[in-house]
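Please keep the sequence and the model in view while reading.

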Amino acid sequence: MSIFGEVVFVRARVLALLEDDQNTSNVQVSLESAGYEVVVCSTFVAAIQILQDHTFDLIISDVHLQNGGSVFDFLRWVKSHRASSQAKFVLFSFSPTPVAKYLSDSVWTSSRMLGAARYIAMDWFDPDLFCQQIAEVLPGTFNSAQDRIVI
């Protein structure tokens, strides 16, 4: 305890909209191992329902959503609602197809204009690199390797 009061450790909260089970597992395990609190969902509608009741520091979304709505629809919704508008937004493409790779620059440019912070594409999942890129998006927040103390 310091003269300023009790020391409290706080973790960054992440919402992950991921439709592929393997992708979901990889992301969730790596982020939780790094100290993040992770909530996962598999549909655009479920993500919106969660965001209406909870706030997050970061939102990660599959780039190529297939179960209703596009990533651009989701990003526009997130940035237009007061409760979620300040959350960092990351697009994630796991094992992108050749067409997805070809279109990645256009998708990244468009998503940045809508407020996305980063586009991550991985042919194979590297948990250390993934967590490093997420930590770079969340300066001022923290994970197990870099705790922030609130006094």
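**A strand and its surroundings**

Helix α5 (residues 127-137) lies across β4, β5 and β6, and its direction is at about 175° to β6. The model is predicted. Strand β5 (residues 88-94) is largely enclosed by the rest of the structure, because five of its seven residues are buried.

**The sheet**

- Five strands make up an open sheet with parallel pairing, and their order is β3-β2-β4-β5-β6.
- At the edges stand β3 (37-41) and β6, each of which pairs on one side only.
- On average, neighbouring strands of this sheet are turned by 20° against each other, with direction ignored.

**Partners of strand β5**

- Five bridges connect β5 with strand β4 (residues 58-62), and the two strands pair in the parallel sense.
- Between β4 and β5 the chain passes through helix α3 (residues 71-80), forming a right-handed β-α-β crossover.
- Within β5, V90 is the bridge partner of I60, and K88 is the bridge partner of L58.
- Strand β6 (residues 118-122) is parallel to β5 and is joined to it by five bridges.
- The bridge partner of F94 in β6 is M122.

**Helix α4**

- A right-handed β-α-β unit is made by β5, helix α4 (residues 98-113) and β6.
- Helix α4 lies across β5 and β6 and runs at about 155° to β6.

**Aromatic rings**

- F92 and F125 are both buried.
- The rings of F94 and F125 also form an edge-to-face pair, because their planes are at 70°, and their centres are 6.3 Å apart.
- Ring pairs join F92, F94, F125 and F130 into a cluster.

**A charge over a ring**

- The charged end of R13 is placed over the ring of F56, at 4.7 Å from the ring centre.

Notes:
Residues numbered from 1 in each chain as written. Predicted model: local features only at pLDDT ≥ 70, side-chain atom pairs only at ≥ 80, totals over all residues. Heavy atoms only, no water. Buried < 20%, exposed > 50% of the residue type's maximum accessible area, 1.4 Å probe, protein only. Helix = DSSP H or I, 4+ residues; strand = E, 2+ residues; numbered from the N terminus. Pairing = 2+ DSSP bridges. Right-handed = clockwise from strand over helix to strand, strands pointing away. Axes fitted to C-alpha atoms, helices over the stretch in contact; angles between N-to-C directions. Contact = heavy atoms within 4.5 Å. Phe/Tyr/Trp six-rings, centres within 6.5 Å; stacked < 30°, edge-to-face > 60°. Lys NZ or Arg CZ within 6 Å of the ring centre and 35° of its normal.
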